[in-house]
Amino acid sequence: MTVSQTLNVETALAYIGFDLSDNVIVTGDSNIRDLCSEWTTQGTQNLFNSAVSTTFVRNIRAELHGVVHSLIASKSLITLYISASDLINTIPTLYTVIGDRAPLVIHAAVADPTDVGDVFAIRQTGAILLASNSVQEGHDIGLVAHSLAVKYKIPVVHLYDASAPALKFQKIQTADYKSGDFLANLKTEVDGYKKNDPISQVVDQLKSTLFLKPTAQSSIDYAQVSQSIGNQVGTFEYTGEGDASQILVALGTNPVSLADAVAKLAQTGQKVGVLRVRAYRPWSEEDFLAAVPSSVETITVVDTAHSLSTAWGPLFLDVAASFHSGKYQGKPPVLREGRVHIPAQGYTVEFVKSIIAQAANADQAVFNVGSPAVHTNGVHNGVIDFESTNEGPYIKILEQLFPDRASVANISSESSVYGKHGAAAPEANAEFGFGMHLVLVQNRARFANSVSEVLKASKSDDSISEELRKELGSWFQYRDDAEKSLKHGKAAISLLEKEHHQHATLEAIYEDRAFFSKPSRWVIGGDQLSYDVGNSGVHHVISSKEDINMLVLDTQPYSEKIAPTQQDRRKKDIGLYAMQYGSAYVASVAINSSYAQVVRAFMEADAYPGPSVVLAYAPKISKTGKGVSVPLAMLKETKIAVDSGYWPLYRWNPSLDAAGQEPFALDSEKVKREIVEFLDRENHLAYVLSSKPEVAAHISANAEKELKTAIENKVQSSYSQLLSSLNAQPLLVLYGSDGGNAEAVAKRLGSEAKQRGLRPRVMAADSFSVEDLPSEQSVVYVVSTAGQGEFPGNAKETWKALQSAGADLDLTKTRFAVLALGDRNYWPLPGDKHYFAKSGKDLDHKLETLGAGRLTPLGVGDDQDPDGLWTGVNAWRPILWQALGVDEVDVNVEPVLPSDDAIKESSNYLRGTIAEGLVDTSTGALAELDTKLSKFHGIYQQDDRDTREERARQGQEPAFSFMVRCRIPGGVVTPEQWIAVDQIADKWANGTIKITTRQTFQYHGIIKRGLKASIQDMNRALMDTIAACGDVNRNVLCNPNEHSSEVNAAVLKLARDWSEHMLPHTNAYHEIWLDKKLVATTQEESEPLYGKTYLPRKFKCAIAVPPNNDVDVFANDLGYIAIIEKGKIVGYNVTVGGGMGMTHGNKKTYPRLGDVLGFCTPEQAIDVGEKVVTVQRDYGDRTNRKHARLKYTIDDRGIEWFRKEVETRLGWTFPPARPYKFVSNGDRFGWVQESDGSWAFTMFIANGRVRDAPGSEEKTALKLLAELLVKEKAGEIRLTANQHLVVARIPPSLKPTIEGFLQKHKLHSEHHSAMRLNSMACVALPTCGLAMAESERYLPSLITKLDSILDSLGLRSDAISIRMTGCPNGCARPQIAEIGFVGKAPGTYNLYLGGGFSGTRLSKMYKESVGEPEILASLKPLLTRWSQERVVGEHFGDWVIRAGIVKETTAGMNFHD
Ligand code: SF4
């Protein structure tokens, strides 16, 4: 709900910030400051009923960090009002707040809407950056900012328009954020934040050992947040013609007037539009591309940031990267960047016209419009003169950071330290600069001495005033502190104005008053400087111990250094050399890789009280490939140099060491792991000592010192080792991978190459530019095949570039090898056989045609081989190493994928190295082998596949997280447990709960460092995750719906007993996750039932109560069908050999329904199950996981053989099965009364995903319901195997209350079509690693489309089971649905028809590889015919067989016929 109010932007934001904060920080004179101060004085409270303080920070750089830090330590909600031009000074604060995972909102006023340069400076800190453009938007986005900050515990910077029009009062629609859901949600988040959060302790530990890296949030749900305030604000806003061909893209607070001018232009018939960026960080490529009209031909990024000193504006790079991401479907438009100087009257139609005209005619991507571009150092006409000023951007930053006191001794007024046209050699300049600084340092020391003398003398006489004496005294005390010396110096100077003539020394001091301020002294050196480290300027600077900073530039492009030289080595040694000196600050930076890191390093170097050496990469480009501009080549050079580890980004700050903190911070992701090894060693040693007090006690002080020295030596040698390895022979391994196989193989090749002494770089093919191939010595491609012989998504651009490559791509110096991966049976038709491994084959042929030298013959990995694709890979690898001349190297290569049984056997009963992996902070993943073992603990490692490519492009590892599945036999939990589940989802996971098709909960998005704590929280709620995945008996299904209370209790007991009976005996789970120590025992640990290798594959069990087959009993390895006589269970029919999983194109794999083995009594049930398991344990196929399920054991040997084998082990024979009948495998929704009089309500949960979404607060409602049940001390919650939920055991007296609650929260499901009520979808994308297509995120919208067909046919109430999975693994059992979809590729599914409505018949493939249009076109006529031709009660699945649409599938083995 919104109300109309008259406000200006400042007033609107003052209200919001004050209402939603504990502390408001103001930094300048403004109405906001006045308002907040007044409210604080009046004692006005915030919306959380607390008093709000208002703090005024005068000196942002000196005071802000401390103020924010102390407030965050007390978990305060902080709002900071600041000018956008001061944002650069918040960088250290932003990093700290991100590290602390704390909410902070910064409302930054953009007074001059023509310059947003400072915004770009903070874009890499990881903070969320939003921009608003009017009073209305200022209010709306201001609220969004607070909501996001609290929700994601992250700083949010909101840039708002503070120009004259926005400061005018006007009528806007304000959201009612002071009550209702918005406030309630905020309060919940705030409460969570303020409670002691153990994760902050983990973060503190991390901070003490490693540097903090910016943690950009990759997926921010703006839509959800903005909807909650009632005014919808999107991430991007497009205005203009729907079919515009010319689009302008702009960030900042000026685009409104730009939009107006464009709108006027459009009225004249021009096809133009404007895209305004509201959410700048995180940048959403999807949202951006979605906002661009498909008609666009040219996009011009309008850049008003006058201080830009880079070749390309950051916004332009974001736009360009979006189009190169592979997510854009059409023909990419021409991209231009217009650096505009807006005329005084703002954007006019004429001005916009001139931008568009220049964009059309410019022969360079960057052009200037308006007044001449502002000159920055080395920038002329907006384009950097790279020939002369590689250091230009670095110097510009120095000037910006230290505006009053930057002193660059050896920069000539001409332009460059390199001197133009043969000017003096740089090292000479550096020497000169150093000498000059030394003189000035000494002079300032003398000056300080004079001040000291005056102070001493003034003690005994009154020659100077008391005020001057005080200021001089303070200055002397703080003379090495830049801010304080400036402050006291200024005060002293103004007093000296009056007093200097009184005293000769005072006169001298006044004359030299320039020395009061502490300069930031810099010397700049070039390539030559570093070749002779020990005798160069570097040595002088370091050994002087003076507070002088040196900036050493490396200008040689990485690509020109294929054969590393001794000189290269020396150059990189500078860092180590300076670090070894012990007392110097050292940093290695690259402006084109991380601007923020450069700023940080400069600030730290300046603050460090001794010498500093900053190594800066600034490749000098003299020649570029065709069509590649110099600036672009420079960007690419830097990226490769940093990503490859040739130029690692790091900072070494000895003052941190003195303060007991880790002095070394590695800022390059790609090489982080290698360097962090040395920190690990250090930490490990410390750990050993702390865990062995008896050892520690005997270590004397001297011994400790020795130990420390030894560690330091080790540290240095590790680092040296790393640097040496960077000089090894390079090998580029590129992969094209959709499902992850090619990537895994490429990484394994990379890790083996490293052990063989090579310097490998492994990346997605599209992350590497084809134009740069000629500078690579050896390139290996590992390529999967997608669809009909197409290249995978992350290799498509590579293939396109190679296809269009001409003679100027000179590959004669490049040698290549291609490993083609595929599945020879994926396309079963003989005519399609040539698609097998087609991409790799095509690539191999193309590279040869282009003249590249061949390293090896084409390698082929075929999924159908005995060891899958590894059969081919293993045969090919030795040929590759031989070709590279490293086959003789003696390496201890990790065996390539040991068999799963070997992993299990050597895992020490499922321990592996999981515990060690959990404390390894250098990666968000577990070791590969541990990921197989963690499944036995209910944990699957996954990564966000939506962001995989983007992160790869940014040189980051995938966004790893874990799926954690509970073990809840029978799916029954208490209301208290539900509340715990809800809290765990919010605290540790992605805020949603997935009810799975195996009647349990599943969490997604838990990161490694929250894994253990989340499992401990589950343990506290009396739940565990043991055996929820892995080659063991999985969560046991049991009929959840009403029957009779007695029967329900009996089957639930069997489910729980069977689950308990089959639990692994190992103590590993308790040790790893619950910190329980192994109880000392003389007996060796054992697994009496499973043995060390557990089962060949997963094993599933379900218990059904006819006539309801709601657990799909026949889809399980083992099933019990309850036989009820006179209301009591007299026994069970036992079924064996069901299972859904199969592999596309591999007919040897198929889904199968269980066979009925015979009858047993309730007392015999567990023994029967145990014998079934042991037969499978002993006879299951352990050589091929695709053939390892019980269904294949039975089909290979025959059901009779199997029955006999079980009977032999039982010692008795099965009586015949008893009659039973199933009528449906769905749930029955709504209220039902059970036999004991209590009530149960079954509720529809779409695909089992419990979440809060705009317009549907299902998760909150269920939590409130659970709380109500706890209060009433009644009820239980049951999960169904169809992903729904039953609220059961409701006493009749409570039913009206619960019914009222259900109605209030809209939890009834009558409005859904019967098809939707019978639908089911697995998780699939983005988290499931096996998913080939969407499932849970897509099925609901497909059903909406099918619903309209059903409505038109009058079939809305006719139940049809419809199920979808993202891959043939079949988690949602689509193979027994009447309509089933199995994902094959993005947007493409195999369509199956004819499954039985009661889960007793498999379906048959109807159409292969179809997309939505074909699905709808296929189903509409069938549904129409069914509505006309069906006999009474005939289900759709039965009709399609009777009508001959598909053949009936009578057994798993004829599923593919
Ligand atoms: S069916 Fe496939 S895609 Fe879906 S969750 Fe299971 S494994 Fe993942």
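Reply: Rings of Phe, Tyr and Trp (its six-membered ring) pair if their centres lie within 6.5 Å; planes under 30 degrees apart count as stacked, over 60 as edge-to-face and the rest as tilted. Here, ring pairs join F236, Y280, W283 and F288 in a cluster. This is a predicted model, in which local features need pLDDT of at least 70 and side-chain atom pairs count only at pLDDT 80 or more, while totals for chains, interfaces and linings use all residues. Residues are numbered from 1 along each chain as its sequence is written, and side-chain values use heavy atoms, with hydrogens and water left out.

Me: Are Y280 and W283 buried or exposed?

Reply: Buried means under 20% relative accessible area, exposed over 50%, and partly exposed in between (1.4 Å probe, protein chains only). Y280 is buried at 1%, and W283 is buried at 15%.

Me: What kind of pair do F447 and F515 form?

Reply: The ring centres of F447 and F515 are 5.8 Å apart and the planes lie at 45°, so the pair is tilted. This pair links distant parts of the chain, 68 residues apart: F447 belongs to helix α16 (residues 426-460), and F515 to the loop between α19 (504-511) and β19 (520-525). Helices (H or I, at least four residues) and strands (E, at least two) are DSSP runs, numbered from the N terminus.

Me: How is strand β5 to be read?

Reply: Seven of the seven residues of β5 (residues 104-110) are buried, so the strand is largely enclosed by the rest of the structure. L104, I106, A108 and V110 point one way, and V105, H107 and A109 the other.

Me: Which strands pair with β5?

Reply: Two strands pair if DSSP finds at least two bridges between them. Strand β4 (residues 78-83) runs parallel to β5, joined by six bridges, and T79 has V105 as its bridge partner. Strand β7 (residues 155-161) is also parallel to β5, over seven bridges, with D161 as the partner of V110.

Me: How many disulfides are there?

Reply: A disulfide is a covalent bond between the sulfur atoms of two cysteines. The test is a pair of cysteine sulfur atoms within 2.5 Å, and the count is zero.
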